[in-house]
Structure formats: C-alpha cells, structure tokens
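Please read it alongside the model shown here.

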Amino acid sequence: MASHRLVHLFPIILLFTISTGYVMASPPAAIKAAYWPSWSKTFPPSAIDTTLFTHILYAFLVPSNVTFKFEVSDSAASLLENFTGTLHRKNPPVKTLVSFGGGGSDPKLFARMASNKGSRKIFIDSAIQVARTYGFDGMDLDWEFPKNPEEMAGLGQLFKEWRSTSPSTFNGMETTGSIQWNPSPKSLDWVNAMCFDYRGSWDTSATGAHAALYDPNSNISTSYGLTSWVRAGVPRNMVVMGLPLYGRTWQLKDPKVNGIGAPATAVGPGDDGVLIFSEVEKFNRENGATVVYDAKTVSTYSHAGTSWIGYDDSQSTTVKLEFAQAHGLRGYFFWALSYDREWEISKQASRTWVTG
Ligand SMILES: *[C@@H]1O[C@H](CO)[C@@H](O)[C@H](O)[C@H]1NC(C)=O
Ligand SMILES: *[C@@H]1O[C@H](CO)[C@@H](O)[C@H](O)[C@H]1NC(C)=O
Ligand SMILES: *[C@@H]1O[C@H](CO)[C@@H](O)[C@H](O)[C@H]1NC(C)=O
C-alpha cells in the first residue's frame, strides 16, 4: 500500500488486520472501508462520500526511527484535525482510524521497535496519544512486513500489549506471504488483507492479473491466500478483503498475443506501471482499447497497441465481493479513496454488500 512507487518491492503481499471483542448476540457489523491518501492535494476529506463507507483510514503516520514516538508537524496536525472533524460531522458520519506505517515506510523500524518491551511501550503510548489527541475512533498498523518468525513474534507481542493498553476500538494490521500466523486474533478487531500487487513492475517478462481472485497456474491468488489464513485459524468474520482501485501495466512483446500471462518486455503506461482506475478508463477511451473481462482469474484487462493494463472494474469487483460474502468474510476495503473518480466501483461495492 502507500506510495505506489514503493509497493513494487513486495511481490506477494497479503496484509492483514485481526480482531477481538466481538462476543455479542448479533454478528459484527460489516466493514466497508477505504484509505485516504493524506498527501492528496486535490481530494480533501470533505470530498469523501460517507454514504458508501463505514470506516475511513488516514494514510499514514510514521513514528521517529530514533525514538519510536510520533512527532507530528504543525501541518500534519491540522490535517489530522480536519480529517476527523470533517468526517465525524458528515451525514452520515463515519468512523475514523489512523493508520501507522504504510508500504513506503521502513519495515526495519517496526522490527526494531517490536523486538523490545521498552520500545513497544513507547510506541504504543505515543500511538494512543496521537489517536486521542486528534479524535480518532481507532488505530491501524500497516507494517509491510514482518519477514521472519522472530519479527512475527514481536508483532504478536505488540498487538497484545497494544490491546491491553487501548481503551476502545483498535484495528491492528499486519502482513505476510507465507509466514505462519502468530498474533492472537484476540488482539485485533479485524484484519485488512492486502489482496493485490501479486504481479507488477518487478517482473516485466509477462502480463498479469495483479489482484487475481483465482490463478489456475499458481497459489498467488486471493482465494488461495484467504482460505489458507482461515485454515490457519483466523476467524472468517475478522477477515476484510482488500480491493485495488488501480491497475498495473506492461508493454506487450507482440500486440497480437495479449492475454493474461502474455510475453511482455517492460512496464507500460503510468507511474512505474501503475494507473489509478480513473486513468485506466481515460486510457481505454483515448486509445480505443479492447477491454476483456476474464472469468478464470476474476479480473479485467485492456490493451491497445503494445500497452496492456490489468485491473479491477465494477464487474470483477462484484464477483470478488460475492466470493467474500459467500465465505463469511467481514467486509472489504479499498486502496485508495478518489482513485475511482465518480465513485463508480465504490458505489457498486456498497450496493453489492447487502447488510441485513
Ligand atoms: C532514520 O531515518 C533517517 C532518514 O530517513 C535515515 O537517514 C537513518 O539512517 C535512519 N536511521 C535508522 C537507525 O534506521
Ligand atoms: C477543513 O478544511 C477545510 C478547507 O481548508 C475547511 O473549509 C473546513 O472548515 C475544515 N473543517 C474542519 C472541521 O476543520
Ligand atoms: C499450491 O499449494 C498446495 C498446498 O496447499 C500445493 O499442494 C500445490 O502444489 C501448490 N500449487 C502450486 C502451483 O504451487
């Protein structure tokens, strides 16, 4: 997640946020969440359509890599205040979470912090103070990602201590490809699973569906990742499926060979081969691209000349959400707000996920 310039460093990312405290008569409410990129100059919190979401996450705050405390600048402080103030006053209001870390932050910082009780406490106290000072309803950790069992153990310890220190809502998040599940589900309210970035600019040899629900040829897919986490003991109703509002692009070797897995030579249009959904639509329009829905992977791709884009549109998103509901998952989140300019996919998702 985060600045797309950096996500490509992590070929397989499933990013999760687990939970607890949902022992109650009725099932827990569905999560319809989205991250707000705080660096967006053109999309202020007031522009968010809160009828479509239950939770909006502020992306991101990063602690000092020396003290592990949050040193909030004046400009960040006024943005944080504006974010929670605006969203709580909206009709309807939404819950706000502050997300710590992000794909662009240094994973070693979190590894060092989580390895030691003293630094965990400093981080936790500062995180809670920031969340309270600026009026947030909860917190979210986006550490991409713990890379070995030792770091996973640190993460588990961090969540446990964080939960026992936190007064109320708390949304932790962590990430992995193949690492064993460690953190106790009891420490978290839910897990945001980053079900995207499976393919991208780090491998230019072939085109790919970067958020495939199914992959006939490998286990790098959302269905495989999520079911393996459920098998490992993560309760289904704590898993929230991540959905990308952006595509990844390649240059085809031969314009006539243009399916998923077609030979490619380089990244295609966009910032390091990334186009947000509204740019994908613009590209398709302006270039008269051929648009194909692929039922095998549950994804959409388009091509024009040698340019090729793999992405999700309303159709593939709908099928993914049906999968998530059929499997008893808790909800979905988008990376990121404003990428579908006219709320095309966000609206479709909100309609599809019927809560009863
Ligand atoms: C902390 O961050 C600064 C700025 O990015 C970097 O120069 C420095 O090496 C980092 N220190 C550690 C201990 O990671
Ligand atoms: C947020 O900032 C906008 C633009 O500067 C301003 O119009 C609005 O009043 C602010 N809202 C809050 C709640 O601070
Ligand atoms: C996928 O994972 C299963 C185990 O869950 C394994 O048996 C199978 O070989 C894997 N398939 C591929 C293509 O890696």
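1. The crossing of H8 and H9 is right-handed, where right-handed means that the near helix is turned clockwise from the far one by less than a right angle. Helices here are DSSP runs of H or I with at least four residues, and strands are runs of E with at least two, numbered from the N terminus. H8 covers residues 314-326 and H9 residues 344-352; they pack at an angle of about 30 degrees with axes 10 Å apart. That makes H8 roughly parallel to H9, a term for angles under 35 degrees. Axes are lines fitted to C-alpha atoms, for helices over the stretch in contact, and angles run from 0 to 180 degrees between N-to-C directions.

2. The contact (heavy atoms within 4.5 Å) involves Ser314, Thr317, Thr318, Leu321, Glu322 and Gln325 of H8, together with Glu344, Ile345, Gln348, Ala349 and Thr352 of H9. By class, the contact of H8 with H9 has three nonpolar, six polar and two charged residues. Ala, Val, Leu, Ile, Met, Phe, Trp, Tyr, Cys and Pro count as nonpolar, Asp, Glu, Lys and Arg as charged, and the others, Gly among them, as polar.

3. This is a predicted model: local features need pLDDT of at least 70, side-chain atom pairs count only at pLDDT 80 or more, and totals for chains, interfaces and linings use all residues. Residues are numbered from 1 along each chain as its sequence is written, chains are lettered from A and ligands numbered from 1 in the order in which they are written, and side-chain values use heavy atoms, with hydrogens and water left out.

4. H4 (residues 117-133) and H5 (residues 149-165) pack at about 45 degrees, their axes being 10 Å apart. That makes H4 oblique to H5, the class left once angles under 35, over 145 and from 65 to 115 degrees are set aside. The crossing of H4 and H5 is right-handed. Residues of H4 in the contact include Phe123, Ile124 and Asp125, and those of H5 include Leu158, Glu161 and Trp162. The contact of H4 with H5 divides into six nonpolar, three polar and four charged residues.

5. Which residues surround ligand 3? They are Asn217, Ser218, Asn219 and Tyr224, each having a heavy atom within 4 Å of the ligand. An oxygen atom of ligand 3 lies 2.3 Å from a side-chain N or O atom of asparagine 219.

6. The peptide bond from alanine 59 to phenylalanine 60 is cis, with omega near -5 degrees; phenylalanine 60 lies in strand E3 (residues 55-61).

Key: A polar contact is a pair of N or O atoms within 3.5 Å; within protein, one must be able to donate a hydrogen and the other to accept it, and residues adjacent in sequence count only if both atoms are side-chain atoms.
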